[in-house]
Amino acid sequence: MGVERVSVVPIIDVTKCDGCGECVDACHANAVEIVNGKAVVVRPGDCDYCTDCESLCPKGAISCPLEIVVLEKPVARGLRR
Ligand code: SF4
Ligand code: SF4
């Protein structure tokens, strides 16, 4: 409570992706599919940014470069005390 996480979805470099599908198999959220031979985060709302796909992609085609954590005002005030 008090913390809202706003996460971006993984970035997939289509020039590196060969469509092997390992990220699809690994994604516990079923957020990734192969579309026209390339991985696509087709259900970004289901992605919890676990970064598993980034870790296992054999081509290094997936990156999860950042996570934004937004603190609600009451928590932020508490941290300043
Ligand atoms: S694991 Fe990597 S190379 Fe394989 S489909 Fe996913 S993004 Fe593409
Ligand atoms: S970061 Fe995790 S939940 Fe999101 S697409 Fe990759 S494996 Fe799936």
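1. Conventions. Residues are numbered from 1 along each chain as its sequence is written, while chains are lettered from A and ligands numbered from 1 in the order in which they are written. Since the model is predicted, local features need pLDDT of at least 70 and side-chain atom pairs count only at pLDDT 80 or more, whereas totals for chains, interfaces and linings use all residues.

2. Confidence. The mean pLDDT (the predictor's confidence in each residue, from 0 to 100) of the protein chain is 86, and 77% of its residues reach 70 or more.

3. Overall layout. The protein chain holds three helices and six strands, where helices (H or I, at least four residues) and strands (E, at least two) are DSSP runs numbered from the N terminus. Along the sequence these elements follow the pattern β-β-α-β-β-α-β-β-α. Of the contacts in the chain with a separation of 6 or more, 56% are between residues 24 or more positions apart, a contact being a pair of C-beta atoms, placed from the backbone, within 7 Å.

4. Burial and core. Of the 81 residues in the protein chain, 16% are buried; a residue is buried if 20 or more other C-beta atoms lie within 10 Å of its own, exposed if 12 or fewer, and partly exposed in between, with C-beta atoms placed from the backbone. The largest nonpolar core has 12 residues, among them I12, C23, C27, A31, V41 and I62, and such a core is a set of buried Ala, Val, Leu, Ile, Met, Phe, Trp, Tyr and Cys residues joined through C-beta atoms within 7 Å. Apart from neighbours within four places in sequence, A31 is in contact with V41, V42, R43, P44, D46 and C47.

5. C20 is in the loop between strand 2 (11–12) and helix 1 (22–26), and it counts as partly exposed because it has 14 C-beta neighbours inside 10 Å. C20 and A39 are 19 residues apart in sequence, with their C-alpha atoms 8.5 Å apart in space.

6. Strand 3 and strand 4 pair in the antiparallel sense over four bridges (pairing requires at least two bridges found by DSSP), and E33 stands opposite V40 in strand 4. A39 and V41 form the covered face of strand 4, K38 and V40 the uncovered one.

7. Backbone points to check. Most residues other than glycine have a negative phi. N36, in the loop between strand 3 (32–35) and strand 4 (38–41), has a positive phi of about 55°, and N36 is exposed, with 7 other C-beta atoms within 10 Å. T51, in the loop between strand 4 and helix 2 (52–56), has a positive phi near 75°; T51 is partly exposed, with 13 other C-beta atoms within 10 Å.

Note on methods
Two residues are in contact if their C-beta atoms, placed from the backbone, lie within 7 Å.
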